[in-house]
Amino acid sequence: MTPTTTPEARTAGSRHPPWTPVDRDRARRRWLSAALVTPALLVAGFVVIGGIVMSVVQSLGLVPLVGDPQLSLDAYRATAGELVTGIGLSLSIATVSTALSCVIGLTAAVIITQGRVTGRIVAGLSAITIPIPHLVGAASVGLLLSDAGILPRMLGISSGDWPDIVGGAWWVAVVFEYTWKESAFVALVVAGVLASRVAQYDETAALLGASRAQRLRHVVIPLARPAVIICAMIIFVYTLGSYEVAALLGRPYPEPLPVLAFRLFDSITLTSRPEAAAVAVVTTLISLVAVGAGMALLRRTPLWA
Amino acid sequence: MPMMVPYGQRITPDDRTTGARGLMRPRPVDRTVRIVIAVLLSVWFALPVVPLLLWMVADRWSFPAPLPTEWGFSGAASAVTQGAVPAFGRSLVLGLVVAVIATPLGAMAARALTKGSVPAPRLVSGILLAPLALPAFVAVMGLTVVLLRARVPGLVSVVILLVAAAIPYTVYTMRVAYAAHDMAYEEEARTLGASRRHVLWRVHLPLVAPGLARAAFLAFLVGWSDYVITVLVGGGTIVTLPLLVAGSAAGVGNSATVAVLSISAILPPLLLLLLLGRFGRRYPVSNLPGSGSPRSRSAKGFQ
């Protein structure tokens with residue numbers, strides 16, 4: 001080998017200092033990438049990490065409105081009873097809404113990807129649902145399902161005979177609103193995945209003699225599964241931590257976690273801020289566990305690259 | 001064995017033979033089931049919007065009547081007296097501000113992540129997606145203390161929190177856009193002597209414009225439809241459209257006002273969605289004669 005080597009050969013040998021053009025370009029690109037990612041990272045990191053850390057700190061009594069900071073679990077102890085009912089209620093609402101949304105959304109996605117006129121109508125109607133704010137959805141569901149709502153009028157049922165759907169014991173209107181909005185979300189995401197990936201596999205399976213049911217069971221659903229799991233994770237966390245729908249369509253007691261946290265946060269009692277923070281911390285923990293479970297499920301899915 | 005088809009002979013199977021073939025056999029039962037499911041799904045997605053459309057134009061609608069007993073626009077009038085117009089303006093500005101900030105932030109981060117030169121990429125994309133996993137009220141309740149003590153104005157706090165909530169959507173949308181983006185166009189423009197700024201404005205941004213439009217739409221939606229962050233941070237001082245909707249929906253006897261406010265909260269994003277569907281498509285570069293990706297051309301020509 002001659003003493004005058006090319007830049008490529010020099011970078012390959014580790015003896016040489018890293019100021020070759022290639023190295024400099026790579027370092028420059030790394031800096032540029034870091035600079036590009038930093039603003040978004042700062043905002044997201046500040047809100048997420050700051051939000052969690054400050055909630056934990058406040059819930060432990062370290063940032064009282066008056067008096068000296070003192071480490072204690074009083075906030076958790078004071079809300080223990082409401083916290084337990086809130087956890088049960090929020091978990092039930094989130095689980096039922098998520099499951100129903102995924103089933104209805106997946107069905108809609110399959111109908112949409114059939115590519116006929118019916119599919120296009122369903123696609124259009126579900127797409128219209130997407131930009132409707134949840135709060136507006138809740139207001140509208142209230143007008144539809146309350147005892148003076150449109151549905152009892154249409155069906156000719158008097159308000160006395162109409163069941164307590166809005167503000168009733170079973171939180172039907174709340175679950176209905178979440179399922180309505182989120183099934184459209186599932187349909188949109190899953191139909192996108194199916195449209196881009198499933199058509200060829202589906203045709204191949206059909207040519208190889210698979211029946212419709214077999215294709216649905218062995219081709220369509222496995223291909224849609226990663227997308228459905230991701231959607232389920234997002235929906236579960238959203239419905240667990242969402243305030244306005246449960247506040248508008250639910251009943252005053254028992255309260256789901258976000259409603260409980262809101263009431264404590266707005267309360268004039270001095271000890272209630274740490275209690276609101278304690279509810280927030282518990283909600284965050286459940287969300288993180290749900291996301292962790294979802295990721296574990298996703299990793300066990302064969303199609304997740 | 002190759003099958004010879006004589007010129008002019010019909011090779012599409014006729015009705016008698018298709019009946020025996022699995023793929024082309026008509027299935028009246030399957031078809032009916034599919035149509036019934038499609039109708040049920042259409043009702044499911046459309047039904048909750050119906051009360052808004054009816055109540056919007058109802059002056060009076062006493063209970064058992066299946067349709068409004070008096071039609072009119074008193075709901076709109078009462079919405080205006082409640083301050084619907086300035087609230088509409090505030091929501092619009094809030095949505096636009098969030099979109100204008102969150103879209104470039106998301107696009108920059110997505111570009112860096114797609115190029116694969118970011119340190120600790122998994123951690124970085126995890127943090128960028130994390131606002132999806134954190135309930136908004138937790139972030140607000142945690143950070144109000146910090147933001148208040150730092151004397152950050154309420155409106156700025158609302159914008160920071162909303163931008164953070166929008167970042168997962170913009171980053172994800174732009175990552176999808178950049179994954180399909182062909183960097184070779186930019187390299188070719190640079191080779192042909194265009195400056196970096198020129199490449200950004202004349203090549204890079206036009207190519208990812210549809211992705212930017214989708215990302216901006218989602219970010220706008222976050223700002224436009226937010227209730228929790230505005231009400232918790234602003235304490236009711238920043239009155240946006242969702243606050244008015246919540247206020248009148250919590251009361252009794254003003255269904256027409258609720259309907260008018262709700263419809264005016266749905267229309268702008270719906271119009272944007274339609275515009276997005278109409279103009280947000282990728283420019284059909286590959287259909288132009290003699291064009292095509294520089295990458296594919298160089299692959300053909302030089303390798």
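These legends walk you through close-up views of a predicted model.

**View 1. Where chain B meets chain A.**
Let's start with the place where the two chains touch. Here 77 residues of chain B are in contact with 75 residues of chain A. On the chain B side, the largest share comes from helix H2 (residues 28–46), which supplies ten residues. Sorted by class, the side of chain B that touches chain A has 65 nonpolar, eight polar and four charged residues.

**View 2. Helix H5 of chain A packs with helix H13 of chain B.**
From H5(A), the contact uses Val136(A), Ala139(A), Ser140(A) and Leu143(A). Among the partners on H13(B) are Ser255(B), Val258(B) and Ala259(B). By class, this contact has seven nonpolar, three polar and no charged residues.

**View 3. The largest nonpolar core.**
This core has 172 residues, and Val98(B) and Ala109(B) have the most contacts inside it. Helix H5 of chain B (residues 84–115) gives the most to the core, with 15 residues. At least three residues come from each of domain 1 (30–71) and domain 2 (88–241) of chain B.

**View 4. A closer look at Ala109(B).**
Which residues is Ala109(B) in contact with, leaving aside its neighbours within four places in sequence? In chain A they are Leu36(A), Val37(A), Ala40(A) and Leu41(A). In chain B they are Leu128(B) and Val171(B).

How values were computed:
Residues are numbered from 1 along each chain as its sequence is written. Chains are lettered from A and ligands numbered from 1 in the order in which they are written. This is a predicted model: local features need pLDDT of at least 70, side-chain atom pairs count only at pLDDT 80 or more; totals for chains, interfaces and linings use all residues. Two residues are in contact if their C-beta atoms, placed from the backbone, lie within 7 Å. Helices (H or I, at least four residues) and strands (E, at least two) are DSSP runs, numbered from the N terminus. Ala, Val, Leu, Ile, Met, Phe, Trp, Tyr, Cys and Pro count as nonpolar, Asp, Glu, Lys and Arg as charged, and the others, Gly among them, as polar. Axes are lines fitted to C-alpha atoms, for helices over the stretch in contact, and angles run from 0 to 180 degrees between N-to-C directions. A nonpolar core is a set of buried Ala, Val, Leu, Ile, Met, Phe, Trp, Tyr and Cys residues joined through C-beta atoms within 7 Å. A residue is buried if 20 or more other C-beta atoms lie within 10 Å of its own, exposed if 12 or fewer, and partly exposed in between; C-beta atoms are placed from the backbone. Domain bounds come from an automatic or database domain assignment.
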